[in-house]
Amino acid sequence: MKFVKFLMSLATLAIGALVATSTGNVLAGVVAMPVTAYGLQVITGGSLYDTTGLALATLAAIPRTKQQETNPGGGRRLFLMATDNITSEWPKLEEIVDGELGVVPTFVTGGTAPTFVEVAVSDNSLKIDEALKGATGYQSWEQSLEVKVAGYTKEQVAAIGKLINTEVVAVVILTDGQRVVLGSSFLGLQFEVMHTTGAKGGDRREWSLKAKQDGYQFGYTPLADSVVIPGLPATV
């Protein structure tokens, strides 16, 4: 069959070139090529175009927030876990069904059982973002989060130190109580941290934590209400 397609391709190109040369019209030669290919397909029963396995791309309606329902922005609580505490990739694309993640991660065994730890969030400072980036055929998701923590104490310094060269999976509880997973154990979020004392008494003395990663197959994802994970509260 491949040899037949090869001969059909040569014949199609030859006829196209012949028509263009004899008529002095390149456009006529271009038009002659698909006509020739169709004629050869009818005669030989073969085809230059393999349609086996092709499927139509399907889209779904994108609903907005329903009327008479609130749609508050921002995040309320933030929980982190180092990716080394999870033994296999989590979450995975195939685990996200109907727009939510319904699978519990598999944790390392031995010693103290790993658990998500909470970052104390200063009011109105936690936000998450996602962006579908790249040209068609090369797109992937970027995920990021930002949060501020007020103060400067030795306990904060010790805890921040544990983020050095550490990738994490994050769970954010949004203002409406929904739990959302960011990052993955395969490709964790990486933090940049800054602290400022401010210049005068009324200035904000705080930590600013920003984490970002790209190359994901999915954006941040709602965690199903049925999923119970150590250290995470149930959906509010």
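I began with the term for charged pairs: a salt bridge is a side-chain nitrogen of Lys or Arg within 4 Å of a carboxyl oxygen of Asp or Glu. The model is a predicted one, in which local features need pLDDT of at least 70 and side-chain atom pairs count only at pLDDT 80 or more, while totals for chains, interfaces and linings use all residues. I number residues from 1 along each chain as its sequence is written, and side-chain values use heavy atoms, with hydrogens and water left out.

**Entry 1, salt bridges**

I searched the whole structure and found 7 salt bridges. One of them joins Asp203 to Lys200, with the closest N and O atoms 3.1 Å apart. I then looked up accessibility, where buried means under 20% relative accessible area, exposed means over 50%, and partly exposed lies in between (1.4 Å probe, protein chains only). Asp203 is partly exposed at 26%, whereas Lys200 is exposed at 61%. I also noted that Lys148, Arg204 and Glu206 belong to one network, joined by salt bridges that share partners.

Next I looked at Glu118 and Arg77, whose side chains meet in a salt bridge of 2.8 Å, N to O. Glu118 is in strand β4 (residues 117–119) and Arg77 is in strand β1, so this pair ties together parts that are 41 residues apart in sequence. For the element names I rely on DSSP runs numbered from the N terminus, helices being H or I of at least four residues and strands being E of at least two. Glu118 counts as partly exposed at 41% relative accessibility, and Arg77 is partly exposed with 30%.

I recorded a further salt bridge between the side chains of Lys127 and Asp129, at 2.7 Å from N to O. Lys127 is partly exposed at 39%, and Asp129 is partly exposed at 31%.

**Entry 2, aromatic pairs**

How many aromatic pairs does the structure hold? I found 2, taking rings of Phe, Tyr and Trp (its six-membered ring) as paired if their centres lie within 6.5 Å, and calling planes under 30 degrees apart stacked, over 60 edge-to-face and the rest tilted. The ring centres of Tyr152 and Trp207 are 5.7 Å apart and the planes stand at 25°, so this pair is stacked. It links distant parts of the chain, since Tyr152 sits in the loop between β6 (140–150) and α3 (154–161) and Trp207 in strand β10 (residues 206–216), 55 residues apart. Is Tyr152 buried, exposed or partly exposed? Tyr152 is partly exposed, with a relative accessible area of 43%, while Trp207 is buried at 9%.

I then turned to Tyr216 and Phe218, which form a tilted pair with 6.4 Å from centre to centre and 35° between the planes. Both Tyr216 and Phe218 are buried.

Thr36 lies in helix α2 and is buried, with a relative accessible area of 13%. Not counting residues up to four places away in sequence, Thr36 touches Ala11, Thr12 and Ile15. I noted that Thr36 and Ile15 are 21 residues apart in sequence and 7.4 Å apart in space, C-alpha to C-alpha.

Most residues other than glycine have a negative phi, and most peptide bonds are trans. Against that background I checked the peptide bond from Trp90 to Pro91, which is cis, with omega near -10°; Pro91 is found in the loop between β1 (75–82) and β2 (96–97).

I also found that Gln68 has a positive phi, near 70°, and that Gln68 lies in the loop between α2 (26–44) and β1, where it is exposed at 87%. Asp98 likewise has a positive phi, about 55°, although it is not a glycine. Asp98 is placed in the loop between β2 and β3 (100–101) and is exposed, with a relative accessible area of 79%.

Terms used
Contact = heavy atoms within 4.5 Å.
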